[in-house]
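This report describes selected contacts in one structure. The sequence and the coordinates are shown below.

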Amino acid sequence: MSKVKVATVWLDGCSGCHMSLLDIDERLIALAEKIDLLYGPLVDAKVFPEWVDVTLVEGAVSSEEDLAKIRKIRAHTKILISLGDCAVTGNVPSMRDVFTVDEVLNRTYVENSDLKQLAPESVVPKLLNKVRPVHEFVNVDIFVPGCPPSADNIFYVLSELLEGRMPDLAMTARFGA
Amino acid sequence: MSPASVEIKTLKIDGRDVGAREDQTILEVALENGIYIPTLCHLEGLTEIGACRICLVEVKGTPKLLPACVTRVQEGMEVMVNSERLQNYRKVIVELLFSERNHICSVCVSNGHCDLQSMAQKLGITHISVPYRHPHMPVDASHERYINDHNRCILCTRCVRVCHEIEGAHTWDVTGRGSQAKVITDLNTAWGESDTCTSCGKCVQVCPTGALSEKGKSVSEMSKRRQFLPYLTLMREGRP
Ligand code: SF4
Ligand code: SF4
Ligand code: SF4
Ligand code: FES
């Protein structure tokens, strides 16, 4: 049987969800026998593959780059998983939503900076007006709340999918955990 | 309190025959019989106000959903407390509470000790399906010992009621309407400048969320102590 193709992606998050994924510990070895990790911060691939079975998304959609990425990923993924509160709710990155983008940039690059008091206009992706959870832009198949979600919950989700079942986290995962 | 003339009613809750005093609510009778109805604004020891609508139930013969905490029992009533329709409504209500202010549980003082957060989990909510509003809400840290973060408030008015009914200070009230509504101290002055607040902290302990907290508590550290409430209520009722 061919291995299940998996990708991960890191949008506006702190990488804590990826750390929690690694916290699956030695069970990773069993997982690795059944999956091929094709793309994400944990592997050195530059381009998102033509097709993957499962993509785990960490982080909220915060910039134009995030938005382009998630649209492309959705189009090339069978099962999209919102991994962690940033992806699921907007979480900490969305705390900037009570301010305008100009206020945020001004605070960061002018008020709090001694040198070169100027917001970047190139290279750094342009921020969207509001930080939004992934499912406000594209269809999400599975939600794994938690900041970060526990390694056990991540392992449970992946192993259920590998068994061909749809995981149900309703009673075991909560926001903020 | 209960003179001999109190009538007994019989009714059905989720198909079970139960008996009740005529002055009891559906919620009271359900609780007495070990039947779970979710609640947020209800707190034993305070008057019921029917604010949160989480406890809505179906009663045969009426198309309206009725809040169990403020609906009196009637003879022959047939009550359903856990239909799929009700579960869906409850989910939507909780989702709306999450979307209305800024509930970022991971950085909340009440993370892990919050009635709203655990209600979401109990109802199986894994994401919020309505857009977040992220309004600009103030934080009042003027009190020597406590903080009021309006971002986490769900307007259950437990603080208002405990302060008025148990402490007798009536420091709290509600101002504004709809999503602009806010709990206020005295005549909308800073809590720290309140003449009526006795600093007893009852409001903080009954608050279901991270809206009211003790100063010096950081993320996840604010667990509420509510054991005092039934005791105080009993003492008050015992008075001549
Ligand atoms: S959900 Fe928490 S752990 Fe995951 S990326 Fe966001 S802040 Fe980091
Ligand atoms: S008050 Fe409760 S639901 Fe709101 S952010 Fe805090 S823990 Fe989460
Ligand atoms: S401050 Fe707390 S107790 Fe008071 S209305 Fe808001 S959520 Fe309820
Ligand atoms: S508990 Fe009945 S309306 Fe809130």
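The model is predicted. Between chain A and chain B, about 1,900 Å² is buried, and 62% of that area lies on carbon and sulfur atoms. On the chain A side, the greatest losses of area to chain B fall on Val98(A), Arg174(A) and Phe175(A), which together account for 32% of what that side buries. The contact involves 25 residues of chain A and 24 residues of chain B. Salt bridges between chain A and chain B number 0.

Within chain B, helix H2 (residues 84–100) and helix H3 (residues 115–122) have axes that come within 10 Å and cross at roughly 140°. H2(B) is therefore oblique to H3(B). The crossing of the two helices is left-handed. The residues that meet there are listed by helix.

| Helix | Residues in the contact |
|---|---|
| H2(B), residues 84–100 | Val94(B), Leu97(B), Phe98(B) |
| H3(B), residues 115–122 | Leu116(B), Gln117(B), Met119(B), Ala120(B) |

By class, 6 residues of this contact between H2(B) and H3(B) are nonpolar, 1 is polar and none is charged.

Side chains of opposite charge can pair when their charged atoms come close. Over all chains, the count is 17 salt bridges. One of them joins Arg27(A) to Asp152(A), with the closest N and O atoms 3.0 Å apart. This pair links distant parts of the chain, as Arg27(A) belongs to helix H2 (residues 27–32) of chain A and Asp152(A) to helix H6 (residues 151–162) of chain A, 125 residues apart.

Definitions and conventions
Residues numbered from 1 in each chain as written. Chains lettered and ligands numbered in written order. Predicted model: local features only at pLDDT ≥ 70, side-chain atom pairs only at ≥ 80, totals over all residues. Heavy atoms only, no water. Axes fitted to C-alpha atoms, helices over the stretch in contact; angles between N-to-C directions. Helix = DSSP H or I, 4+ residues; strand = E, 2+ residues; numbered from the N terminus. Parallel < 35°, antiparallel > 145°, perpendicular 65-115°, else oblique. Left-handed = near helix turned anticlockwise from the far one by under 90°. Contact = heavy atoms within 4.5 Å. Nonpolar A, V, L, I, M, F, W, Y, C, P; charged D, E, K, R; others polar. Buried area = accessible area lost by both parts, 1.4 Å probe. Salt bridge = Lys/Arg side-chain N within 4 Å of Asp/Glu carboxyl O.
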